[in-house]
Amino acid sequence: ASLDNSLMVWNFKPQMRAYRFAGHKAAVYTVAYSPHANLIASGSKDRTIRLWQPSVEGKSTVLKAHSGTVRSVSFSNDGRLLLSGSDD
């Protein structure tokens, strides 16, 4: 997560960034990964949650369910549910 409205996935073997995802309209405050669904969730000051497919294309689905900054996202242990917390 970062203040430049993006998130990055790093590949530690060659110590290079593997993916950079941009799409939020404001700072990204929280990120979670679900290995079960192979998805990344991010929450932002723009009041949205994005679900990203970790790939070069960086496609995302936008969830607009909050009226305040999204501060926390977390997948359930089985990866079937996504929990979010915000300022609303």
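Strands here are DSSP runs of E with at least two residues, and helices are runs of H or I with at least four residues, both numbered from the N terminus. Serine 42, for instance, sits in strand 4 (residues 39–44).

## Ground rules

You're looking at a predicted model, where local features need pLDDT of at least 70 and side-chain atom pairs count only at pLDDT 80 or more, while totals for chains, interfaces and linings use all residues. Residues are numbered from 1 along each chain as its sequence is written, and side-chain values use heavy atoms, with hydrogens and water left out.

The side chain of serine 42 makes a polar contact of 2.7 Å with the side chain of histidine 24. That term covers a pair of N or O atoms within 3.5 Å; within protein, one must be able to donate a hydrogen and the other to accept it, and residues adjacent in sequence count only if both atoms are side-chain atoms. Setting aside neighbours within four places in sequence, serine 42 also has contacts (heavy atoms within 4.5 Å) that include Leu7, Val28, Trp52 and Val73. As for tyrosine 29, 13 residues away along the chain, its C-alpha atom is 7.6 Å from that of serine 42.

## Serine 76 in a loop

Serine 76 belongs to the loop between strand 7 and strand 8. With a relative accessible area of 19%, serine 76 is buried. Its side chain has a 2.7 Å polar contact with the side chain of aspartate 78. Beyond neighbours within four places in sequence, serine 76 touches Leu81 and Leu83.

## The salt bridges

Side chains of opposite charge can pair when their charged atoms come close. Counting a salt bridge as a side-chain nitrogen of Lys or Arg within 4 Å of a carboxyl oxygen of Asp or Glu, you get two in this model.

One joins arginine 20 to aspartate 4, with the closest N and O atoms 3.6 Å apart. Arginine 20 is in strand 2 (residues 16–22) and aspartate 4 in the segment before strand 1 (6–11), so the pair ties together parts 16 residues apart in sequence. Arginine 20 is partly exposed at 42% relative accessibility, and aspartate 4 is partly exposed at 42%.

Another links aspartate 87 and arginine 71, whose closest N and O atoms are 3.0 Å apart. Aspartate 87 lies in the segment after strand 8 (82–86) and arginine 71 in strand 7 (residues 70–75), so parts 16 residues apart in sequence are tied together.

Conventions. Buried < 20%, exposed > 50% of the residue type's maximum accessible area, 1.4 Å probe, protein only.
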